[in-house]
Amino acid sequence: MKSLSSALIFSDNFITSTTLSNQLRKLGINKIYECKSSKNALSILINSKLDFVFVDSDSKEYDSSKVIQQLDTFTDAEIIILGLEENKSKTLDYFFSSNCELNFLSKPISYDDVEQIIVKENTYHFFGEIA
């Protein structure tokens, strides 16, 4: 099975970043980068091979839609949007219209939801797309 070892967490919320970071470590993700600015995110993307990029859609510091479109051009990593469940449909509709391949992780973030995304991605890489 493919080893998933790196992730970028792009969030200006300390609690979101810390919670997600701890959960990813429990799932065996060894390299976790955290950043709050798109300049730092792009630098990490250029210099690192990432498996996952988590982007907080509820930021006051940056426009998450622009960030995700930029990230999608610089990485093959799976992009996961972090957001409130009540905004999920609207958020995904917006981003799917931009042809980005995305997943959504509801806040507050639960270990089971993070595990499901990580296991799904790991299974996909090993076995191919599952119908």
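This dialogue works through several features of one predicted model.

Trainee: What is the average pLDDT of the protein chain, and over which residues is the pLDDT below 50?

Mentor: Where pLDDT is low, the predicted coordinates should not be read in detail. The protein chain here averages a pLDDT of 79, and 77% of the residues score at least 70. Over residues 124-131, however, the value is below 50, and this stretch has seven contacts in the model beyond near neighbours in sequence.

Trainee: Which residues have the most contacts inside the largest nonpolar core?

Mentor: One begins with the membership of the core and then turns to the elements that supply it. The largest nonpolar core has 18 residues, and those with the most contacts inside it are Leu8, Phe10, Leu50, Val53, Val55, Leu71 and Ile79. At least two residues of this core come from each of these elements: strand E1 (6-10), H2, strand E3 (52-56), helix H3 (64-74), strand E4 (78-84) and strand E5 (102-107). There is also a second, separate core of 15 residues, which includes Leu20, Ile32, Leu82 and Ile118.

Trainee: Is Leu45 buried or exposed?

Mentor: Relative accessibility decides the matter, and the cut-off for buried is under 20%. Leu45 counts as buried because its relative accessibility is 6%. The residue lies in helix H2, which spans residues 38-47.

Trainee: Which residues does Leu45 touch, beyond those up to four places away in sequence?

Mentor: Leu45 touches Leu8, Leu50, Val53, Leu71, Phe74 and Thr75. Of these, Thr75 is 30 residues from Leu45 in sequence, yet their C-alpha atoms are 6.6 Å apart in space. Phe10 may be read in like manner: its contacts, again leaving out residues up to four places away, include Ser38 and Ala41, as well as Phe54, Val55 and Leu71.

Trainee: How many bridges join E3 to E4, and how many pair E4 with E5?

Mentor: For each pair, one reads the direction and then the residues that face each other. E3 and E4 run parallel and are joined by five bridges; Val55 has Ile81 as its bridge partner in E4. E4 also pairs with E5 in the parallel sense, over six bridges, with Ile80 opposite Asn103 in E5. Together with H3, strands E3 and E4 make a right-handed β-α-β unit.

Trainee: Why is E4 described as largely enclosed by the rest of the structure?

Mentor: The reason lies in the burial of its residues. Six of the seven residues of E4 are buried, so this strand is largely enclosed by the rest of the structure.

Terms used:
Residues are numbered from 1 along each chain as its sequence is written. This is a predicted model: local features need pLDDT of at least 70, side-chain atom pairs count only at pLDDT 80 or more; totals for chains, interfaces and linings use all residues. Side-chain values use heavy atoms; hydrogens and water are left out. Helices (H or I, at least four residues) and strands (E, at least two) are DSSP runs, numbered from the N terminus. Buried means under 20% relative accessible area, exposed over 50%, partly exposed in between (1.4 Å probe, protein chains only). Contact means heavy atoms within 4.5 Å. pLDDT is the predictor's confidence in each residue, from 0 to 100. A nonpolar core is a set of buried Ala, Val, Leu, Ile, Met, Phe, Trp, Tyr and Cys residues joined through side-chain atoms within 4.5 Å. Two strands pair if DSSP finds at least two bridges between them. A crossover is right-handed if, with the strands pointing away from the viewer, the path from the first strand over the helix to the second runs clockwise.
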